[in-house]
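Thank you for making the time today.

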Amino acid sequence: MKKKLTTVEFRGTPEQEAQLLEVIKKYEGVPGATMPIMQEAQAIYGYLPYEVQKIIAEKTGTPIEKIYGIATFYAQFKLNPDGEIAVAVCLGTACYVKGSGDIINKFSDLLGVPVGSTSPDGKYSLEATRCIGACGLAPVLTVNGEVYGRLTVADVPEILKKYVD
């Protein structure tokens, strides 16, 4: 029986929070500073968990809904940390029409990791991405930055063999 994995628990450090508060203070009163604050926050933590979004919202007076909206709208922001084995499947138009939806579902099934999540042990993460600029190779995905193209669902187990213990 396959164990169902969930997202990892947030474990920010006091040092990271101090850095975040310094960033927020640096941009105090600067119009349009939400994006730079969020970018620097992600650089500090590696992603933007709810707890970090909440701090940004509270300290800047920006509604949490706006912070979350920005974090989920822009592809540069991640809501979960990358796993040791970070799989990102393109769901842009060219890839999607060529079957990337089925490919990401196969990865999810084989890894036991829901799309947009990281396993609790931090070993695997699975993200849906938008265009990565390799439309001619559609459908494409990356594993730890290595690009794989012209894929089918049948290719997924072979790709995983390179990364799974």
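This is a predicted model: local features need pLDDT of at least 70, side-chain atom pairs count only at pLDDT 80 or more; totals for chains, interfaces and linings use all residues.

Let me begin with a definition: two strands are said to pair if DSSP finds at least two bridges between them. Helices (H or I, at least four residues) and strands (E, at least two) are themselves DSSP runs, and they are numbered from the N terminus. With that in hand, look at S2 and S3, which run antiparallel and are joined by two bridges.

Residues are numbered from 1 along each chain as its sequence is written, and side-chain values use heavy atoms, with hydrogens and water left out.

Now the overall picture. The protein chain has seven helices and five strands, and from the N terminus on its elements run α-α-α-α-β-α-α-β-β-β-β-α. Along its principal axes the C-alpha trace spans about 55 × 35 × 25 Å. Of the 165 residues, 42% count as buried, where buried means under 20% relative accessible area, exposed means over 50%, and partly exposed lies in between (1.4 Å probe, protein chains only).

Let us return to the sheet. In general, strands of a sheet pair through backbone hydrogen bonds, either parallel or antiparallel. Here five strands form an open sheet in the order S2-S3-S1-S4-S5, and the pairing is mixed. Strand S2 (117-118) and strand S5 (146-148) are the edge strands, each of them pairing on one side only. Between S2 and S3, Ser117 has Leu126 as its bridge partner in S3, and in their hairpin, which has five residues between the strands, Gly122 takes a positive phi near 75 degrees. S1 and S3, by contrast, pair in the parallel sense over six bridges, with Cys90 standing opposite Thr129 in S3.

Turning to the helices, which residues of helix H3 are buried? In H3 (residues 50-60) they are Val52, Gln53, Ile55, Ile56 and Ala57, and the buried residues of H3 pack against helix H1 (14-26), helix H2 (34-45) and H4. After H3 comes Gly61, whose phi is positive, near 75 degrees. In helix H2 you will find Thr34, which is buried, with a relative accessible area of 19%. Leaving aside its neighbours within four places in sequence, Thr34 is in contact with Thr62, Ile67 and Ile70.

Leu137 lies in the loop between S3 and S4 and is partly exposed, at 31% relative accessible area. Beyond its neighbours within four places in sequence, Leu137 is in contact with Gly149 and Arg150; Leu137 and Arg150 are 13 residues apart in sequence but 5.0 Å apart in space, C-alpha to C-alpha.

What about the cysteines? A disulfide is a pair of cysteine sulfur atoms within 2.5 Å, and by this rule the count comes to zero disulfides. The sulfur of Cys95 is 3.6 Å from the closest cysteine sulfur, in Cys90, and is therefore too far for a bond. Likewise, the sulfur of Cys131 is 3.6 Å from the closest one, in Cys135, which is also too far. Cys95 counts as buried, at 2% relative accessibility.

Finally, the largest pocket. A pocket, on a 1 Å grid over the protein atoms alone, is an open set of points where a 1.4 Å probe fits, with protein on both sides within 12 Å along at least five of seven lines, and lining residues have an atom within 4 Å of a point. The largest pocket holds about 610 Å³ of space, a volume being the space filled by probe spheres set on the points, which are joined across faces, edges and corners. Of the 26 residues that line the largest pocket, the closest to its centre are Ala75, Phe77, Glu127, Ala128 and Thr129. Helix H4 (64-73), S1 and S3 each supply at least two residues of this lining, and the largest share, four residues, comes from S3.

How values were computed. Contact means heavy atoms within 4.5 Å.
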